[in-house]
Amino acid sequence: LKIAVFASGSGSNFQALVEAIWGQGIPATVSLLVCDKPGARVVQRAESLGVPTHLFNPKSYETREAYEAEIVDRLRAEGVELIVLAGYMRLVTATLVEPFYGRMINIHPALLPSFPGVRSVRQALEYGVKLTGVTVHFVDGGMDTGPIIAQKSVEVREEDTEDSLGERVHAIEHELLPQTVRWIAEDRVTLNDRKVSIRLG
Ligand code: GRF
């Protein structure tokens with residue numbers, strides 16, 4: 001399974017996925033990083049890991065559709081079969097979603113549909129939930145709204161700060177994303193309407 005990861009920031013999930021694929025024998029390859037922030041740490045990580053990068057500056061395009069059309073061309077040229085959004089801080093439009101619906105997933109640091117959008121760990125802390133977690137879902141046109149594939153919970157402790165809770169959430173992300181990619185690579189995930197079923201064992 002050929003994968004493109006889209007990321008804008010640190011890229012710890014990108015690295016965790018690449019390393020899990022190598023170390024755990026997941027039948028997949030991350031063949032491209034797509035990044036909208038030239039200075040992002042994820043770009044250095046891709047370089048060290050030997051993953052080619054499609055780097056672009058959104059400001060040099062008039063519309064989102066224009067840079068997305070270019071991305072779609074690159075994905076097609078590389079034969080990419082699955083897109084993984086891992087900290088890609090932009091909304092995607094139909095230009096990307098339509099050709100890749102059912103083949104594009106996102107990782108989110110909360111138990112959706114709670115706390116969509118940005119700073120989800122802080123939102124969870126401020127709300128006072130006792131349980132939060134991580135969600136991996138298919139991407140549709142909305143913000144963090146698509147069909148859910150996998151979720152894992154993380155307990156909130158009384159003494160937690162955004163940093164301490166964020167660290168535990170991140171650690172779970174680094175397990176759940178590779179696990180979900182394995183299921184997809186092994187063809188165990190079916191999307192029917194908005195319902196996802198997973199064949200285990
Ligand atoms: C993760 O929490 C991911 O769920 C969210 O953005 C963050 C990216 O972290 N969408 P990193 O860049 O992979 O460290």
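Me: Which strands does helix α3 (residues 64–78) lie across?
Reply: Helix α3 lies across β1 (2–6), β2 and β3, running at about 165° to β2. Angles here go from 0 to 180 degrees between N-to-C directions, with axes as lines fitted to C-alpha atoms, for helices over the stretch in contact. Contact means C-beta atoms, placed from the backbone, within 7 Å. Helices (H or I, at least four residues) and strands (E, at least two) are DSSP runs numbered from the N terminus.
Me: Any caveats on numbering or confidence?
Reply: Residues are numbered from 1 along each chain as its sequence is written. The model is predicted: local features need pLDDT of at least 70, side-chain atom pairs count only at pLDDT 80 or more, and totals for chains, interfaces and linings use all residues.
Me: What's the strand order in the open sheet?
Reply: Seven strands run β3-β2-β1-β4-β5-β6-β7, with mixed pairing; a pair needs at least two DSSP bridges.
Me: Which strands are at the edges?
Reply: β3 (53–55) and β7 (148–155), each with a single partner strand, so one side of each has no neighbour in the sheet. Neighbouring strands are turned by 20° against each other on average, direction ignored.
Me: How do β6 and β7 pair?
Reply: β6 (residues 131–138) pairs with β7 in the antiparallel sense over seven bridges. Val-134 stands opposite Lys-152 in β7.
Me: And what does helix α2 touch?
Reply: Helix α2 (residues 41–49) packs on the sheet, touching β2 (29–35) and β3, and its direction makes about 150° with that of β2.
Me: How many helices and strands in the protein?
Reply: Six helices and nine strands.

Note on methods: Two residues are in contact if their C-beta atoms, placed from the backbone, lie within 7 Å.
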